[in-house]
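Please read the points below against the coordinates.

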Amino acid sequence: LQVGGVFYPVGYGADPTGQNDSTEAIQKALNDAFQQRSSDPNLKEELIPGIKDLGGAVIDLQGGAYKISKPISFPPSGGGGLLVKDGSLRASRGFPADRFLVELLSPKSEAYQGNGIFYEDVRFKDVLFDSGFSGGGVLAVDTARTQITSCYFLNFTTQGVLVQGGRDAFIQSCFLGQRPTVGGGVGEKDYSGTAIDLAGNDNVVTDAVIFSSAIGVVLRGQANMLRNIHTYNKERIFGGIGILVRAFADYNRITDCFVDYNSIVLEDPR
C-alpha cells in the first residue's frame, strides 16, 4: 500500500487495466497520504499557516489506466506538498457531467468567499485525464502554487483545467483537446468546452498545445501570463476562439503564442 511517503493505489485494490472501478481505492490512497504527519515535534509541519505539509507525499499510479465513476476529491481539511504521477484517469459511463475527474475543493472556500488558501504545492505530472465527454479534468479552487506538468487532457465537455481563486498555478508542457485530432477534424464546428479557464490571478500557462475545444484559454482574472501556446482548437469561421480575455480581466500578458486559424478576443478591456 505504502513505501515511505509513496502511496500505491494498486495496493488499495485499484485496477490498472481499467476493467473495474478504481474510484474508492484511489480515494483511500489519497486520504491516507493526507494523514501523514511527522513524529518529530521540532519539525515545522505547515506551509502557508494552516496548511499541513505532507512532506512530498506521492500518489504513484504506476502507469495504470484507472476507470473512475465519481470525482477524486482532495480531503476538505486541505494540505500541501503532494505529487500525483504516471498514469491515466478515465471517466466511466455515467460520470457526473458537472464535475471534474480530480477536485481540489474545500467546503471552507465558500465560507471564506475566495479569501483563503487551502491547498499548496500540489503537483500533477505525466497524467492523462480522459473525461469521457462528461465533465472536466482538474478543478483547483483556492490553491497556491499548483503545478500541472506534462499532462494530457482529453474528451472534456466543460473545462480541461479550471483554476478558481488562489494564485500562482503553473501549467506547462501540456496537451489539451476535446477530441483527438491533429487539425481539421470532421466534427470541428461542433467542438465545445474550454481547455484552460483561469478565473484567478497570477497564474502561468507556458509551452502548451490546445488542439480541439471551442475556446483555448479564457482569462477571467488579473496578472496572468500566457507564453508559447499553440491554439488550433476551432477555426474562427466556426466560431472558435484561441484566447478569450473577459471584461475587467486586466494586466494579463500574452507572449509568443501561435493563434492558428482562430482569434484573440478582448471583451471590453480596461
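**Notes on the model**

1. Val-217 has Ile-243 in β20 as its bridge partner. Strand β18 (residues 215–219) and β20 run parallel and are joined by four bridges; two strands count as paired if DSSP finds at least two bridges between them. Helices (H or I, at least four residues) and strands (E, at least two) are DSSP runs, numbered from the N terminus.

2. On provenance, this is a predicted model, in which local features need pLDDT of at least 70 and side-chain atom pairs count only at pLDDT 80 or more, while totals for chains, interfaces and linings use all residues. Residues are numbered from 1 along each chain as its sequence is written, and side-chain values use heavy atoms, with hydrogens and water left out.

3. β20 also pairs with strand β23 (residues 264–266), in the parallel sense and over three bridges. Within this pairing, Leu-244 stands opposite Val-265. Strand β20 (residues 241–245) is largely enclosed by the rest of the structure, because five of its five residues are buried. Buried means under 20% relative accessible area, exposed over 50%, and partly exposed in between (1.4 Å probe, protein chains only).

4. Which residues touch the most other members of the largest nonpolar core? They are Phe-74, Leu-82, Phe-124 and Phe-129, in a core of 55 residues. Helix α1 (residues 23–34) gives the most to this core, namely six residues. Another core, of five residues, lies apart from it and includes Ala-214, Val-218, Ile-241 and Leu-244. A nonpolar core here is a set of buried Ala, Val, Leu, Ile, Met, Phe, Trp, Tyr and Cys residues joined through side-chain atoms within 4.5 Å.

5. Phe-124 can be checked individually. Not counting residues up to four places away in sequence, Phe-124 touches Phe-74, Val-84, Val-102, Leu-104, Phe-129, Val-138, Gln-147, Ile-148, Thr-149 and Cys-151. Contact means heavy atoms within 4.5 Å.

6. The structure holds one cavity of 30 Å³ or more. The largest cavity contains about 80 Å³ of space, and its lining residues include Ile-26, Leu-30, Phe-74, Phe-124 and Phe-129. At least two lining residues come from each of α1, β6 (79–91) and β8 (119–130). The lining divides into eleven nonpolar residues, no polar and no charged. A cavity is a set of points, on a 1 Å grid over the protein atoms alone, where a 1.4 Å probe fits but cannot get out; lining residues have an atom within 4 Å of a point. Grid points are joined across faces, edges and corners, and a volume is the space filled by probe spheres set on the points. Ala, Val, Leu, Ile, Met, Phe, Trp, Tyr, Cys and Pro count as nonpolar, Asp, Glu, Lys and Arg as charged, and the others, Gly among them, as polar.

7. Leu-54 is found in strand β3 (residues 53–60) and counts as buried because its relative accessibility is 2%. Its contacts, leaving out residues up to four places away in sequence, are Ala-33, Phe-34, Gln-36, Gly-80, Gly-81 and Leu-82. Leu-54 and Gly-79 are 25 residues apart in sequence and 6.7 Å apart in space, C-alpha to C-alpha.

8. Is Pro-96 buried or partly exposed? Pro-96 counts as partly exposed, at 27% relative accessibility. Pro-96 lies in the loop between β6 and β7 (100–104). Apart from neighbours within four places in sequence, Pro-96 is in contact with Ser-69, Lys-70, Pro-71, Ser-134 and Gly-135.

How values were computed: On a 1 Å grid over the protein atoms alone, a cavity is a set of points where a 1.4 Å probe fits but cannot get out, and a pocket is an open set with protein on both sides within 12 Å along at least five of seven lines; lining residues have an atom within 4 Å of a point.
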